[in-house]
Amino acid sequence: MESDKTATKPRKSGRVTGALRALTRNKESIFGLAIVVSFLLIAAVVELSTLLNVTILPYSPTAEVAPGALPPSLKYLFGTDNLGRDLFSRIVSATPYDIAIGYIVVGSAFVIGALLGGYAGIRGGILDEILMRFTDVFFALPVLVLALVIAAVLGTGVTNMAIALMIVWWPAYARLARGEALKVAHQNYIEAARLSGNGHRKILFRHVLPNISGTMLVYATLDIGTVILVYSGLTYLGLAVHPPTPDWGEMVSDYHSYILSAPWLALFPGLVISLGVIGFSLLGDGVKDAQETR
Amino acid sequence: MNLLRFVLRRMVFAVLVLASVLTITFVLSHLIPGDVIQAWLGKEAATQPKLAALTAAKYHLNDSIPVQYYYYLVNMLQGNLGYSPSRGFQPVTSVIAQTLPYTLQIVFFAFIMTIAIGVVLGVVAARYNGTVLDKGIRIFYLGAYSSPPYFIGVVLLIVLSFVLNIPSGYAANPNLTPPTAITGLPIFDSLIEGNFAYFESGLVYVFLPALTLAVATFGLLTRVARSSLLEVMQTDYIRTARAKGLDEGSVFYRHALPNAAVSLITISSLLVTFLVTGTIFVEDLFGYPGMGLYVVKALAGTDYPGIMATTLVFAIIIITTNLAADILYAIADPQIRLG
């Protein structure tokens, strides 16, 4: 841990390239990185094309383009569904939402968790105890259960489900942040900052958060896949998007009655979810290893 | 801290969590726009004026919020969970009584399968660490736990549909006489009664949903089993065992395995949470008539009491198993009681 700022800069860049080198040495993490980057690119391109009103998808995701349930072919890459819509276009057009939910939920959990946990860690005492018990209670809430209640009361929809996910997602980050903050709280440079009259808030933002954010970022990388997985479960149950808006989980649910006559319909969207989640877990594992070997 | 104090502390905490689940549901239930009774009883509330009056009286819906909160808690704790519009206004308690045993059956068999697959693969992966077998197992568990349970169910249905052709909506062949309730779980009751036809049919019907959940979950276990075994194999006492001249097999199975087993208890509560919430997906997919299927139907029919009650039961199951896992862990590993 660096005690003054002049020493931080050069070592930090060395740290990043070192971590990158460690990351790219591992075949698995390259594979994960490749998947993640392609999902992000697809999401960005699809989102941009909707914003700019440019058509890049081969067909409209919501319009009937073929007589119905055609098997995969060169013309319709993943085949067409029971209503004659192109499955490939539907799957691709759902990418931005699912990826964005992953980042939004993890991002907000990161911010809330870092502030709450970090503050509890450096403050200590009774406030720490109260904050952490409060965190424990939220930590123990089962995600799906809470999502069901919120759907029942506030109604279904992407925003409400994102709120449900955020409510249960931050405690893990608060615990992590507190643990990390406790590790640095009694180091000399923090004591020095405290002695020179800095308040808790300044110490938190200037000294503690920059130091604990590395570990938290590693955890967050691993976590995005989990959010996508859980969110797909909510869309499977019909809690998030409403037809005809396409979504991966919702597609598996919609098409599962055709698994004998048209198995590709439920297989392709399901495979895309698995692939995305695998990508994030491999990348996360790689980042973790790279950080540990550093 | 001694064991008793630890257990008491965890119990108080479990009650606290349950209380907050109740409070959250209460607060949320008061955020519903419009008439509470209308929301609770659904669109058909108008056709059930008696029920509406009864509900209003029981929950003191015309009184102040704190009074309502008090009666809400009292009713919940007494098991008065309201009436379920999606089930013809049956009392929710009796719907739960009908559906919960089936859900528990799935969880039970899925738990056994998860442990079996998870531990065996974890042990094999650690024993043959770094070989092709280890890598193959890694690909398998990574793929399985990165996939949503309903997708694994779809794949299993496609692969096994030619072998197993089961009508949806039942927990056993509907032409067979179900057993009388002894333990409450039909599969076990039929075994006790000697009703083997039902027993066999029950097992066939529970097989796919349970296997689906197990495949979606075992990866967690394999991963932890493998890494904790490898960690134990690095310790001094294993080196001592080797120095004594024991062969690698008995060092691994007799000395390392029992010690690594303790770490598995820590994730057992996570496993149960996974399995319990996972029943919602597999019951929906396979049409298994448990609580998960009920909650999906309740969601579709905006059956508010049904959703609230199943939520509460799911939460109770998860909270109590977490408590049990904590206690088990404290007994198995004395160090944790100090923490």
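This is a predicted model: local features need pLDDT of at least 70, side-chain atom pairs count only at pLDDT 80 or more; totals for chains, interfaces and linings use all residues.
1. Because B:Arg138 belongs to helix α6 of chain B and A:Glu28 to helix α2 (residues 27–52) of chain A, the pair joins two chains; helices here are DSSP runs (H or I, at least four residues), numbered from the N terminus.

2. Residues are numbered from 1 along each chain as its sequence is written, chains are lettered from A and ligands numbered from 1 in the order in which they are written, and side-chain values use heavy atoms, with hydrogens and water left out.

3. Over all chains the structure holds 11 salt bridges, and the rule finds 3 salt bridges across the interface of chain B and chain A. A:Asp285 and B:Arg223 also meet through their side chains in a salt bridge, at 2.8 Å from N to O.

4. The contact (heavy atoms within 4.5 Å) takes 40 residues from chain A and 40 residues from chain B. Between the two chains about 3400 Å² is buried, of which carbon and sulfur atoms give 80%; buried area is the accessible area (1.4 Å probe) that two parts lose on being put together, summed over both. In chain B, the residues that lose the most area to chain A are B:Ser146, B:Tyr150 and B:Phe151, together 17% of what that side buries.

5. A search of the whole structure finds 2 cavities of 30 Å³ or more, a cavity being a set of points on a 1 Å grid over the protein atoms alone where a 1.4 Å probe fits but cannot get out, with lining residues having an atom within 4 Å of a point. The second largest cavity holds about 70 Å³ of space, a volume being the space filled by probe spheres set on the points, which are joined across faces, edges and corners. Its lining includes A:Leu141, A:Pro142, B:Val21 and B:Thr311, and α6 (143–154) of chain A and α1 of chain B each supply at least two residues of that lining.

How values were computed:
A salt bridge is a side-chain nitrogen of Lys or Arg within 4 Å of a carboxyl oxygen of Asp or Glu. On a 1 Å grid over the protein atoms alone, a cavity is a set of points where a 1.4 Å probe fits but cannot get out, and a pocket is an open set with protein on both sides within 12 Å along at least five of seven lines; lining residues have an atom within 4 Å of a point.
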